[in-house]
Amino acid sequence: MEEKEIPESQRTDAVSSMVYEANARIRDPVYGCAGAICQLQKQVNELQAQLATAQAEVVNLQCQQANLVALICMEKMAQSNHLQEPNFEQQQYIDTSCFLDETNLGTSWEPLWT
């Protein structure tokens, strides 16, 4: 491309780009800029996976907190309702279906980063 073909307002950017590409080719003679882009894409993917894991952990902790609050509320209600005798035949269960383990983090939370 000849110098005349590049508008004067874009010549500085064009020179900077050529210098960057030349330096990338010196650092990585085989892949040049493409290698740098590939490395950055890999880094973005790894960071997205870390973010998804952190978001899943936050949801898990929020669920645990909600279950604990519900359990505390039920305990207080049972204590305040001391006129009624406890019925040991009925067991109360806390819903733990929202708890996550490491085997389902990736598939459950993929929509968070797409």
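Residues 37-64 are 100% helix and 0% strand, and their end C-alpha atoms lie 40 Å apart; helices (H or I, at least four residues) and strands (E, at least two) are DSSP runs, numbered from the N terminus. The model is a predicted one, in which local features need pLDDT of at least 70 and side-chain atom pairs count only at pLDDT 80 or more, while totals for chains, interfaces and linings use all residues. Residues are numbered from 1 along each chain as its sequence is written, and side-chain values use heavy atoms, with hydrogens and water left out.

**Annotation**
- According to an unreviewed UniProt entry, residues 37-64 carry the annotation "coiled-coil region", though such annotations may be inferred rather than shown by experiment.

**Confidence**
- The chain has an average pLDDT (the predictor's confidence in each residue, from 0 to 100) of 80, and 68% of the residues score at least 70.

**Cysteines**
- The disulfide count is zero, taking a disulfide as a pair of cysteine sulfur atoms within 2.5 Å.
- Cys-38 is partly exposed at 47% relative accessibility (buried means under 20% relative accessible area, exposed over 50%, partly exposed in between, with a 1.4 Å probe and protein chains only).
- Cys-73 is also partly exposed, with a relative accessible area of 42%.

**Helix α1**
- Val-19 belongs to helix α1 and is partly exposed, at 45% relative accessible area.
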